[in-house]
Amino acid sequence: EENTRLLLASVAEGIYGVDMQGYCTFINPPALRLLGYQQESELLGKQMHELIHHTRADGTHYPSAECRLYHCLRSLEDVHVYDEFFWRKDGSSFPVDYWSRPIRREGEVTGAVITFLDITERKQAREKLQAAQQHEAEALSELRVMLETSGEGLWKVDPSGRIVEVND
């Protein structure tokens, strides 16, 4: 048990377990920190969907019956989701990448273990990259229009002197 606690406290991912009704059975320190809680006792025995997964990113209510996180309890299959949000104790939210897997004891599913990451930085980097790619595409389109409407003949050559592009 001591080794398990040390391991759960040492990983970067938030990890928690739920019983078949979605009540928290354990939670590791990184999960507490990511969710804005101080003590395990604030979550143990509580319905996790109602505390951290109750609302969609657009602000609409997220019924537990539709929750993909608990789908593994119904389907007995692993679930991976990367486009939802978890909610902190203070009411703020963050985008998550999470996995939900059934916990089996002697062949019978007794709950699920959920591992998750805050992917705020990943999403911001992706958005910056997409914006840069869009800007580059727009600049190339403008350059193409200028080249095609120019009254001059223009061409582009590669370092070996081969023509690789030419306007009309």
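**Overall form and salt bridges of the chain**

The radius of gyration of the chain is 25 Å, whereas a compact globule of 168 residues would have a value near 15 Å. The model is predicted. Along its principal axes, the C-alpha trace spans about 75 × 35 × 30 Å. Five helices and seven strands make up the secondary structure, and from the N terminus on these elements follow the order α-β-β-α-α-α-β-β-β-α-β-β. Of the 168 residues, 30% count as buried. The accessible surface comes to about 10,900 Å², and 52% of this area belongs to carbon and sulfur atoms. Among contacts between residues at least 6 apart in sequence, 36% join residues at least 24 apart.

The chain carries 18 positive and 28 negative side chains, and the centres of the two sets lie 3 Å apart. The count of salt bridges comes to 11. One of these joins the side chains of Arg5 and Glu40, at 3.7 Å from N to O. This pair links distant parts of the chain, with Arg5 in helix H1 (residues 2-10) and Glu40 in the loop between helix H2 (29-35) and helix H3 (48-52), 35 residues apart. Arg5 is partly exposed at 48% relative accessibility, and Glu40 is partly exposed at 27%.

A salt bridge is also formed by Asp83 and Arg68, at 2.5 Å from N to O. Asp83 lies in strand S3 (residues 79-87) and Arg68 in the loop between H3 and H4, so the pair ties together parts that are 15 residues apart in sequence. Salt bridges with shared partners join Arg68, Asp83 and Glu84 into one network.

Definitions and conventions. Residues numbered from 1 in each chain as written. Predicted model: local features only at pLDDT ≥ 70, side-chain atom pairs only at ≥ 80, totals over all residues. Heavy atoms only, no water. Helix = DSSP H or I, 4+ residues; strand = E, 2+ residues; numbered from the N terminus. Rg over C-alpha atoms; globule rule 2.2 N^0.38 Å. Buried < 20%, exposed > 50% of the residue type's maximum accessible area, 1.4 Å probe, protein only. Contact = heavy atoms within 4.5 Å. Areas by Shrake-Rupley, 256 points an atom, 1.4 Å probe, with all protein chains shown as cover. Lys, Arg positive; Asp, Glu negative; His and termini not counted. Charge placed at Lys NZ, Arg CZ, Asp CG, Glu CD. Salt bridge = Lys/Arg side-chain N within 4 Å of Asp/Glu carboxyl O.
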